[in-house]
Amino acid sequence: MTTDSSYGQVLTLPRRKPSTPPEPGVLATHAPLTDVFPTGFAAPSATGFVLSLLPQSAGPVLWVQDFLSRRENGAPYTPSLRGFGLEQPVLLVTVSHPRDVLWTMEEGAACAGLSAVIGEVHGGPEVLDFTATKRLSLRAEASGVPLYLIRSGDPGGLSAARMRWRISALPSQAHPQDAQAPGAARWDLDLFRARGHPPGRWVASHDPEKRQSPRAADRLRLVPYADDGAVAPGDRPIPQRTGG
């Protein structure tokens, strides 16, 4: 606080805390194991986000679902996957129990001919514990095949995943040709745990014009989510004047 006269004082108002900027390193590399938690029921947002992250490669993608995930989220409609730049074959497997999903993912991670492995498990079963995710992460790290685990209806227990995201759907963008039609999907993306990166929250959308880009950072548009207006570090609230 500074004084400009004997009658008044110049007050420095506290600045708002800046929003978390979209950090390029968050999407620059493929983590060995990535957890994705959709917050809604039968939400396709998690599927769209994972498809946007997949590496561009000629190798097929192994996609395995347990019975409950298939019943809630449905089976992937493979012709539509090209809209996300997925041109390689998809090996779709449906199993009855979550333990079979984990076993299939672990075996798939050992196959260097695959470009990625996607697994879907519903409900946070006991078999999906820290030890199971540690096995997946170690196998993926050794082979270089990234694993993506979509965990619907899961409160989020301990995990060895290098990156853990929560995602929910937002109103779509305006359609460029038809105001009455939905435009490109938008997602509320929350990175709540990551090794080597600070947490952050963004409004994300897939850019179809860049779906063939080899970099996920180009295929995904990230805009910092509006903050709550907290006071930035280093600033102090305006002191109250006392006395006559």
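Me: Contact means heavy atoms within 4.5 Å. Among contacts between residues at least 6 apart in sequence, what share joins residues at least 24 apart?

Reply: The model is predicted: local features need pLDDT of at least 70, side-chain atom pairs count only at pLDDT 80 or more, and totals for chains, interfaces and linings use all residues. Numbering starts from 1 along each chain as its sequence is written, and side-chain values use heavy atoms, with hydrogens and water left out. In this protein, the share of such contacts joining residues at least 24 apart is 73%.

Me: How many helices and strands does the protein have?

Reply: Both are DSSP runs numbered from the N terminus: helices are H or I with at least four residues, strands are E with at least two. H2 (45-53) and strand S4 (61-66) are among them. The secondary structure comes to 6 helices and 11 strands.

Me: What percentage of the 244 residues counts as buried?

Reply: Buried means under 20% relative accessible area, exposed over 50%, and partly exposed in between (1.4 Å probe, protein chains only). Threonine 34, at 3% relative accessibility, counts as buried. For the 244 residues of the protein, the buried share is 39%.

Me: How much space lies in the largest pocket?

Reply: On a 1 Å grid over the protein atoms alone, a pocket is an open set of points with protein on both sides within 12 Å along at least five of seven lines, whereas a cavity is a set where a 1.4 Å probe fits but cannot get out; lining residues have an atom within 4 Å of a point. Points are joined across faces, edges and corners, and volume is the space filled by probe spheres set on them. The largest pocket holds about 640 Å³.

Me: Which element gives the most residues to the lining of the largest pocket?

Reply: The lining has 33 residues, with Pro44, Gly48, Phe84, Ala185 and Trp187 nearest the centre. Helix H2, strand S4, strand S8 (163-170) and strand S9 (186-194) each give two or more. The top contributor, with 4 residues, is H2.

Me: How many charged residues are in the lining of the largest pocket?

Reply: Ala, Val, Leu, Ile, Met, Phe, Trp, Tyr, Cys and Pro count as nonpolar, Asp, Glu, Lys and Arg as charged, and the others, Gly among them, as polar. By these classes, 19 lining residues are nonpolar and 12 polar. The charged ones number 2.

Me: How many residues of H2 are buried?

Reply: H2 is mostly covered. The buried set is Ser45, Ala46, Gly48, Phe49, Val50, Leu51, Ser52 and Leu53. Out of 9 residues in H2, the buried count is 8.

Me: How far apart are the end C-alpha atoms of H5?

Reply: H5 (residues 130-143) has 14 residues. The expected span is 1.5 Å times one less than the number of residues. That gives 20 Å for H5, and the model agrees, because its end C-alpha atoms are separated by 20 Å.

Me: Within what arc do the buried residues of H5 fall, seen down its axis?

Reply: The buried residues are Ala132, Thr133, Leu136, Ser137 and Ala140. The arc is that of the directions from the helix axis to the C-beta atoms. The buried residues line one face of H5, because their arc is 135 degrees.

Me: Which elements do the buried residues of H5 pack against?

Reply: Thr131 and Ala142 are exposed on the other side of H5. Just after the helix, glycine 144 takes a positive phi of about 85 degrees. The packing partners of the buried residues are strand S3 (33-38), helix H4 (98-109) and strand S7 (147-152).

Me: What is the relative accessible area of threonine 131?

Reply: Threonine 131 is found in helix H5. Its C-alpha atom is separated by 8.0 Å from that of alanine 160, 29 residues away along the chain. Threonine 131 is exposed, because its relative accessible area is 51%.

Me: Which residues does threonine 34 touch, not counting those up to four places away in sequence?

Reply: Threonine 34 sits in strand S3. At 3% relative accessibility, it is buried. Its contacts are Leu147, Tyr148, Leu149, Ala161, Met163 and Trp165.
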